[in-house]
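Here are a few exercises to work through with the model open beside you. Try each task before you read its solution.

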Amino acid sequence: MLGLILGVIGFLAINVVVGIAMGLTGAQNVSGLGYHHMVRDQSSVGIGRRLGESSQGSPAARQPDPVTGGMGGAGWRAMRTASWLMPPGAGKRWLMEAESYMAEALPGKLGPAMRSYMVNAPKVVTVSWASFLKRRPNRTRSDPAS
Amino acid sequence: MALRMTVQTMLILQALLRDPSREPYGLELSEETGLLPGTAYPILLRLEHEGWVTSRWEDIDPHAEKRPPRRYYRLTANGAAQASVAISNARRPKGAALRRLAEEGGGA
């Protein structure tokens with residue numbers, strides 16, 4: 001019973017944190033997409049190159065991106081914030097999956113995709129923590145070191 | 001953790017069952033099922049944790065391919081068997097519904 005209550009409280013807390021992260025990072029503009037920046041932050045491969053991105057210091061780099069409309073990395077920052085709530089390794093994998101999808105998806109699908117990642121982030125947090133705790137070896141009273 | 005058989009889960013399982021030897025990646029699965037990738041991901045994660053699905057990163061040089069590696073998903077033998085049962089169960093009308101239909105038919 002206590003576990004169930006704690007689970008519900010945890011899930012609500014995750015939703016609140018993700019909601020705050022989305023609000024703080026301006027995720028209402030997520031449809032505008034920060035993936036352009038996301039890839040530049042995370043790796044040198046992906047949509048940044050696909051769009052023929054020039055170097056950061058050039059005037060072209062300061063122009064609003066033709067696809068993202070210069071929305072910046074709001075979506076990416078929100079996703080990275082959400083990934084911090086996931087267990088070690090799970091957040092990175094989630095971000096890499098998103099990166100992989102967005103690098104090959106049609107530009108028109110990027111906004112809805114980014115939104116769907118954010119909307120379903122609490123589910124990923126819950127599932128990945130449940131799995132992490134299940135796999136974790138039980139180190140309680142039977143630990144001979146204690 | 002019991003696997004909840006939602007419509008979205010069924011769509012993913014059906015897509016994977018179409019050819020169990022194939023290894024679709026996120027974008028392919030998303031296009032085949034009509035689900036957005038953010039919706040499909042936690043389902044695949046759940047299936048993987050239940051041992052129904054296995055996944056691996058594509059082994060490529062991202063710089064040479066000019067794209068990040070894909071993550072490929074495949075049903076395990078156990079997963080394929082369980083998915084087939086789950087899908088056939090979902091297609092089969094429930095006993096209560098059949099009884100109700102029979103009663104309605106009998107009364108008419």
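Keep in mind that this is a predicted model.

**Exercise 1.** Work out how α5(A) and α6(A) run relative to each other.

*Solution.* Start with the axes: helix α5 (residues 74–83) of chain A and helix α6 (residues 90–104) of chain A pack at an angle of about 155°, and their axes are 9 Å apart. Angles over 145 degrees count as roughly antiparallel, so α5(A) and α6(A) are roughly antiparallel to each other. As for handedness, their crossing is right-handed. Now look at who touches whom: α5(A) brings Met79(A), Arg80(A) and Ser83(A), while α6(A) brings Gly91(A), Trp94(A), Leu95(A) and Ala98(A). Sorted by class, that contact has 4 nonpolar, 2 polar and 1 charged residues.

**Exercise 2.** Sketch the layout of chain B as read along the sequence.

*Solution.* Chain B has 6 helices and 2 strands, in the pattern α-α-α-β-α-β-α-α. Next, burial: 29% of its 108 residues are buried. Finally, take the contacts in chain B with a separation of 6 or more: 56% of them join residues 24 or more positions apart.

**Exercise 3.** Find the buried residues of α2(B), then say what covers them.

*Solution.* In helix α2 (residues 26–33) of chain B, the buried residues are Gly26(B), Leu27(B), Leu29(B), Ser30(B) and Thr33(B). Viewed down the axis of α2(B), they fall within an arc of 165°, so they line one face of the helix. Their cover includes α1 (7–17), α3 (37–49) and β2 (71–75) of chain B, along with α6 of chain A.

Definitions and conventions
Residues numbered from 1 in each chain as written. Chains lettered and ligands numbered in written order. Predicted model: local features only at pLDDT ≥ 70, side-chain atom pairs only at ≥ 80, totals over all residues. Axes fitted to C-alpha atoms, helices over the stretch in contact; angles between N-to-C directions. Helix = DSSP H or I, 4+ residues; strand = E, 2+ residues; numbered from the N terminus. Parallel < 35°, antiparallel > 145°, perpendicular 65-115°, else oblique. Left-handed = near helix turned anticlockwise from the far one by under 90°. Contact = placed C-beta atoms within 7 Å. Nonpolar A, V, L, I, M, F, W, Y, C, P; charged D, E, K, R; others polar. Buried ≥ 20, exposed ≤ 12 C-beta atoms within 10 Å, placed from the backbone. Arc of directions from axis to C-beta.
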